[in-house]
Amino acid sequence: MSLASTAPEPGTGGGANGKLKHSGGPWTSASATAGDLHTSTETSRAALGPGHEGVEAGAVGLSSVAALKSVLTSWEERLRAVRDECDQLKGALSTVAKEMGETETAIEKSFKGVDGGGKAGEKR
């Protein structure tokens, strides 16, 4: 399958070969990145609480303590949401990688039956 958006810029002579590729790494790589983001987001969220320990005791009577507590709670909620979204994306992207790879394998096998065993696109 060719897409106009995959064609190299005129005069560059390089880049994509004009074929849409969905196996060989992009979906799996995206899934791994989402997993990494999940992990680093959770690590950061978990560090917020200990970073605020002792603030209330050391700043008794200051109005900023209540504001700081509110900001802490807000950031913990945001980071939880990001963490959970990354976890969902990791699974979804991994599923796409598996399905697309299986589809390509099935298509390649179907061509072997038609052309006597050669790979798709292979000249004979």
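A residue is taken as buried when its relative accessible area is under 20%. In this predicted model, R83 has 16% relative accessibility and therefore counts as buried. The side chain of R83 meets that of E42 in a salt bridge, with an N to O distance of 2.7 Å. This pair links distant parts of the chain: R83 belongs to helix α3 and E42 to helix α1, 41 residues apart. R83 also forms a salt bridge with D84, where the closest N and O atoms are 2.9 Å apart. D84 counts as partly exposed because its relative accessibility is 43%.

Within helix α1, E42 and R45 are three residues apart, about one turn of the helix. An α-helix has 3.6 residues a turn, so residues three or four places apart point the same way. The side chains of E42 and R45 form a salt bridge at 2.8 Å, N to O. E42 is partly exposed, at 23% relative accessibility. R45 is buried, at 16%. The count of salt bridges comes to three.

Helix α1 spans residues 26–51. Its 26 residues reach 37 Å from the first C-alpha to the last, close to the expected 38 Å. The buried residues of α1 are S31, A34, G35, T41 and R45.

Helix α3 covers residues 64–115 and includes E76. E76 is buried but has no salt bridge. The nearest side chain of opposite charge is that of R80, 4.5 Å away. Neighbours within four places in sequence aside, E76 contacts R45, L48 and G49.

Aromatic pairs number zero. R78 lies over the face of W75, 5.1 Å from the ring centre.

Note on methods: Residues are numbered from 1 along each chain as its sequence is written. This is a predicted model: local features need pLDDT of at least 70, side-chain atom pairs count only at pLDDT 80 or more; totals for chains, interfaces and linings use all residues. Side-chain values use heavy atoms; hydrogens and water are left out. Helices (H or I, at least four residues) and strands (E, at least two) are DSSP runs, numbered from the N terminus. Buried means under 20% relative accessible area, exposed over 50%, partly exposed in between (1.4 Å probe, protein chains only). Lys and Arg count as positive and Asp and Glu as negative; His and the chain ends are not counted. A salt bridge is a side-chain nitrogen of Lys or Arg within 4 Å of a carboxyl oxygen of Asp or Glu. Contact means heavy atoms within 4.5 Å. Rings of Phe, Tyr and Trp (its six-membered ring) pair if their centres lie within 6.5 Å; planes under 30 degrees apart count as stacked, over 60 as edge-to-face and the rest as tilted. A charge sits over a ring if NZ of Lys or CZ of Arg is within 6 Å of the ring centre and within 35 degrees of the ring normal. The expected span of a helix is 1.5 Å times one less than its number of residues.
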